[in-house]
Amino acid sequence: NLDRIESNDLKNVWSTLQTFFQSRTSPLGKATQEWRSRVQFLVPFDRDKLEELWGRNERQAVEYGDNVEAMHITESLSLLEKSLQITIEVPPLYPSSWSTYIRKSINEAFPNWPKDDKEKASECITRLTNQLRQPPTPRLIRVVINRAAPLKYRWRNEISTEAVFTYAFYRHLQNEVAFTKRLLQPTGSFSEISGISLQTLRKEMAGLLFGVPKQEATQLLLREPIQKCFRKVDSRGLLGLHKTFGVGFELAFEKYKNDWMISESSNVEEQRRAANTLYPLVRGYKADLRKAYVLAFCEAMEFMFMDWVQSENI
């Protein structure tokens with residue numbers, strides 16, 4: 001398979017193949033070893049890749065009826081014409097062909113699964129692969145299914161089939177850091193799935209990422225981003241996390257408040273950062289959603305006030 005060979009090695013491999021091509025077609029070879037006449041060589045190749053490899057071009061007059069045109073003939077095409085007797089073009093995959101393959105692969109991987117779960121898995125993989133610029137390869141489809149299988153067997157109904165296969169797809173394409181960033185993006189990171197909200201999807205995939213129940217996963221996911229918002233005095237970032245994760249954010253905000261909440265031992269700069277981060281949220285956020293910030297802001301202001309009182313000897 002010439003498409004799998006690095007360009008630096010391709011010329012050497014091609015030269016080696018000529019030994020077999022020439023031996024097969026030589027009269028002496030046919031006379032001495034009859035089996036050679038029955039040997040067929042199949043050589044998958046990408047013409048564009050070969051043209052890039054050799055790079056040198058020639059012009060050759062090609063006659064079409066009464067007209068003679070100068071066609072662009074590359075060295076690679078000339079070599080292929082000398083070596084290969086028949087060229088067969090392979091058409092690209094089209095959606096219905098890989099959808100059929102997806103369903104077949106899922107049936108083979110999960111013979112005892114309920115029909116409903118199989119349909120959800122098939123629809124999920126089809127939807128995800130439709131986002132790719134190129135048609136999915138059979139290898140990609142098998143890899144996603146094989147990655148999803150042990151997760152589904154482990155978590156069963158605790159985590160939805162859609163979340164398992166979406167996670168398996170993206171984790172195959174992205175490392176842990178990139179996938180975590182995708183989970184934290186407010187919009188556009190995952191497409192809508194019928195019957196499951198994006199918040200639930202994020203929560204379940206976070207559970208798969210950390211290997212914990214989905215109820216605890218969001219708290220683990222948000223711990224570092226919340227700390228980062230306080231270090232950078234990023235009120236908008238904090239607000240964005242709250243809008244994206246809702247109640248999950250409020251639980252994480254409360255559980256890990258000791259990581260960022262100032263105390264009597266905090267210095268003035270830490271107090272200032274905490275107060276400035278929280279103040280825009282207390283002042284301008286919706287009243288029914290800002291409860292999580294009010295107490296924290298008041299405590300920050302209290303410490304700042306006490307420091308000022310002590311520094312002024314009041």
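Arginine 202 is buried, at a relative accessible area of 3%, where buried means under 20% relative accessible area, exposed over 50% and partly exposed in between, computed with a 1.4 Å probe on protein chains only. The model is predicted, so local features need pLDDT of at least 70 and side-chain atom pairs count only at pLDDT 80 or more, whereas totals for chains, interfaces and linings use all residues. Residues are numbered from 1 along each chain as its sequence is written, and side-chain values use heavy atoms, with hydrogens and water left out.

Arginine 202 belongs to helix H10, residues 198-210; helices (H or I, at least four residues) and strands (E, at least two) are DSSP runs numbered from the N terminus. A polar atom of the arginine 202 side chain lies 2.8 Å from the backbone oxygen of glutamine 185.

The whole structure contains 3 of them, a salt bridge being a side-chain nitrogen of Lys or Arg within 4 Å of a carboxyl oxygen of Asp or Glu. Glutamate 204 pairs with lysine 214, with 3.5 Å between the closest N and O atoms. Because lysine 214 lies in helix H11 (residues 214-231) and glutamate 204 in helix H10, this pair ties together parts that are 10 residues apart in sequence. Glutamate 204 is buried at 4% relative accessibility, while lysine 214 is partly exposed at 24%.

A salt bridge also joins the side chains of arginine 231 and glutamate 224, with an N to O distance of 2.8 Å. Arginine 231 is partly exposed, with a relative accessible area of 47%, and glutamate 224 is partly exposed as well, with 41%. Elsewhere, aspartate 116 and lysine 120 form a salt bridge of 3.4 Å, N to O. These two residues are 4 apart in helix H6 (residues 115-129) and are therefore separated by about one helical turn. Aspartate 116 is partly exposed at 44% relative accessibility, and lysine 120 is partly exposed at 29%.

On a 1 Å grid over the protein atoms alone, a pocket is an open set of points with protein on both sides within 12 Å along at least five of seven lines, and its lining residues have an atom within 4 Å of a point. The lining comprises 19 residues, of which Lys181, Leu184, Pro225, Lys228 and Leu241 lie nearest the centre. Two or more lining residues come from each of helix H9 (176-184), H11 and helix H12 (235-245), and H11 gives the largest share, 6 residues. By type, the lining holds 8 nonpolar, 5 polar and 6 charged residues; Ala, Val, Leu, Ile, Met, Phe, Trp, Tyr, Cys and Pro count as nonpolar, Asp, Glu, Lys and Arg as charged, and the others, Gly among them, as polar.

Lysine 181 lies in helix H9 and is exposed, with 56% relative accessibility. Its C-alpha is 9.9 Å from that of leucine 221, although lysine 181 and leucine 221 are 40 residues apart in sequence.

The nonpolar interior can be described next. A nonpolar core is a set of buried Ala, Val, Leu, Ile, Met, Phe, Trp, Tyr and Cys residues joined through side-chain atoms within 4.5 Å. The largest core has 49 residues, and Phe165, Phe179, Leu183, Met205, Ile226 and Phe249 have the most contacts inside it. Helix H7 (residues 138-155) supplies the largest share of this core, 8 residues. A second, separate core has 7 residues, including Leu2, Trp14, Leu80 and Leu84.

Two loops remain to be considered. Most residues other than glycine have a negative phi. Arginine 156, in the loop between H7 and helix H8 (161-173), has a positive phi near 50° and is exposed at 54% relative accessibility. Valine 233, in the loop between H11 and H12, also has a positive phi near 50°, and this residue is partly exposed at 28%.

How values were computed
A polar contact is a pair of N or O atoms within 3.5 Å; within protein, one must be able to donate a hydrogen and the other to accept it, and residues adjacent in sequence count only if both atoms are side-chain atoms. On a 1 Å grid over the protein atoms alone, a cavity is a set of points where a 1.4 Å probe fits but cannot get out, and a pocket is an open set with protein on both sides within 12 Å along at least five of seven lines; lining residues have an atom within 4 Å of a point.
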